[in-house]
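Subject: Structure handover

Hello,

Here is the structure I promised to pass on. Please open it alongside this note; my findings follow below.

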Amino acid sequence: MQNLFDFALATPEIVLLVLTGAVLLIDAFGNEPSRRMTFMLTMGTLLVVILVSWGQWGEATQGRTFSGLYVADSLGHFLKILSAITVGVTLIYGRAYAEKRDMVVRGGDMYSLALLTLLGVFVMISAGSMLTVYLGVELMSFALYGLVALRRDHLASTEAAMKYYVLGCLASGILLYGMSMIYGATGQLGLAEIAQVIRDGGAQRMPLVFGVVFIVSGLAFKMTAAPFHMWTPDVYQGAPTTVTLLVGSAPKFAAFVITLRLLIEALHGIAVDWQPMLLILAVLSLAIGNIVAIAQTNFKRMLAYSTIGQMGFVFLGLMSGVYEGQAGASAAAYGSSLFYVVIYVLTTLSTFGLILLLSRQGFECEEISDLKGLNRRNPLLAGVLLLSMFSLAGIPPLSGFYAKLVVLQAVVGAGHVWLAVFAVMCSLIGAFYYLRVVKTAYFDEPEDTVTLGAGTLVTRGVMSVNGLLVIGLGILPGGLMSLCVDVIRQSLAF
């Protein structure tokens, strides 16, 4: 019975793995009509996984299993549902783009790699041990390396894949080395066991602190934080836009969760050592991301530097949650970071989704100048672009404004008033290049006279919902914010 319970907790991963294998087999051995159904099979797989994860969201399906390697909790169920939805929306936006650029050679290559990426995300989200963390990181990363290089005859994509692979392997090595030092200092691999050893004072101080330095560095790479951001602009620009959207969305949930589990759950006892590191990462990300973005003329590259700046706010929330004996204040700070990541991914879907819909055969909508006169050519897409840029800039009443506000409240509550002022100043700098995009779309004369559509009815519907959520979660953010704080409080011990 215990074995059945163990496997029942991991049902989302098991179902996803089995159905991904089915997609691969049907694509490899099926006839031509069945290969055309690969997209529908992939979307069906995602729907089943969402329903399974939703059905598991409850106290009866929470706990640790497989000798502590796997954790099922509210935080995991919540982010697995969001990750699966994110991958589904990405594939809806990017299907036509990928097919026109021969990225779907047989039908299942891109879709199966996307599902394997999601499987890696799931493993990272439910990691209860450093072994599981590393297994999930490698599974997700190698699937993404393959996706970035999917356009075999495209020089920019090949170059981006090589840079991503080399730097990704370096970051994984740094993360693994840090884990080995943590193991040497505590004699444990399980996150809960590591926390207990630190609380009992049984850890060796010197290797423990060195291990934290390497772990924070590896996590900063996965979170695209400065100064470990060097891969982000090149990969975002060089990768096919469908893959760029995949790289910049669901994996952010996974990176955020393993940051929580490693730093907050396992290493909270030495927060005094890693809190200053997060402060430095936040300051550098806010400054470098927002300042360098001003000089960019490529829209995808500008969004890459925007991502770096946005991650600065995430680290602000994480570093502000270190309170002694105030679990409620800590949960609110970590919940604000989770809320920020959710809003960031939501906005990323709309911005890169716009690029996908505006691109066509023989034309890549990558330069900011390609957006000239967008409002005259397609008011719907221009409206979603305006909402997305204003949200990223933090202009009320959009969701990005509230996300920044709750993080700044956590920072001020932690006593770092100067840091909140610095973050606001960096946001003002960032507003310049976001508003420049809006100005280009609404006030510049169009250079391209080709009539623009907005994709299929399904694509238009998803884009409209995406835009409505950007503004709706800004006007009524309380439900999602409360949910973020609740899943943090229920799932993490600090």
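In which loop does Pro 227 lie? Pro 227 is in the loop between H10 and helix H11 (231-238). One caution before the rest: this is a predicted model.

**Overall build**

The protein has 22 helices and 2 strands. Along the principal axes, the C-alpha atoms fill a box of roughly 70 × 60 × 40 Å. Of the 494 residues, 60% count as buried.

Most peptide bonds are trans, and most residues other than glycine have a negative phi. The following residues are worth a look on that account.

- Ala 226 and Pro 227 are joined by a cis peptide bond, with omega about 5°.
- Thr 224 is found in the loop between H10 and H11. Its phi is positive, about 55°, although Thr 224 is not a glycine. Thr 224 counts as buried, at 0% relative accessibility.
- Pro 396 to Pro 397 is a cis peptide bond too, with omega near 5°. Pro 397 lies in the loop between helix H18 (379-393) and H19.
- Ser 67 has a positive phi near 60° and is not a glycine. Ser 67 is in the loop between strand S1 (63-65) and strand S2 (70-72). With a relative accessible area of 82%, Ser 67 is exposed.

**Aromatic pairs**

How many aromatic pairs does the structure hold? There are 13. One of them is Tyr 177 with Phe 214: the ring centres are 4.9 Å apart and the planes stand at 85°, so this pair is edge-to-face. The pair links distant parts of the chain, 37 residues apart, with Tyr 177 in helix H8 (residues 155-186) and Phe 214 in helix H10 (residues 205-222). Tyr 177 is partly exposed at 45% relative accessibility. Phe 214 is partly exposed as well, at 28%.

Phe 339 and Tyr 402 are also edge-to-face, because their planes are at 80°, with ring centres 5.5 Å apart. Phe 339 lies in helix H16 (residues 327-358) and Tyr 402 in helix H19 (residues 399-413), so the pair ties together parts 63 residues apart in sequence. Tyr 402 counts as partly exposed, at 22%.

Ring pairs also build a cluster from Phe 142, Tyr 145, Tyr 164, Tyr 165, Phe 221 and Trp 231.

**Charges over rings**

Lys 404 has its charged end over the ring of Phe 313, 5.1 Å from the centre. Lys 80 lies over the face of Phe 122, at 5.8 Å from the ring centre.

**Surface**

Val 412, Val 417, Val 421, Val 424, Met 425 and Leu 428 make a nonpolar surface patch of about 520 Å². Helix H20 (residues 417-443) gives the most to this patch, with 5 residues. Val 424 is found in helix H20. Its relative accessible area is 37%, so Val 424 is partly exposed.

**One more residue**

Asn 290 is placed in helix H14 (residues 271-293). It counts as buried, at 6% relative accessibility. From Asn 290 to Ala 143 is 30 Å, C-alpha to C-alpha, and 147 residues in sequence.

Best wishes

Notes:
Residues numbered from 1 in each chain as written. Predicted model: local features only at pLDDT ≥ 70, side-chain atom pairs only at ≥ 80, totals over all residues. Heavy atoms only, no water. Patch = residues over 30% accessible without salt bridge, like charges linked within 9 Å, V, L, I, M, F, W, Y side chains within 5 Å. Areas by Shrake-Rupley, 256 points an atom, 1.4 Å probe, with all protein chains shown as cover. Salt bridge = Lys/Arg side-chain N within 4 Å of Asp/Glu carboxyl O. Helix = DSSP H or I, 4+ residues; strand = E, 2+ residues; numbered from the N terminus. Buried < 20%, exposed > 50% of the residue type's maximum accessible area, 1.4 Å probe, protein only. Phe/Tyr/Trp six-rings, centres within 6.5 Å; stacked < 30°, edge-to-face > 60°. Lys NZ or Arg CZ within 6 Å of the ring centre and 35° of its normal.
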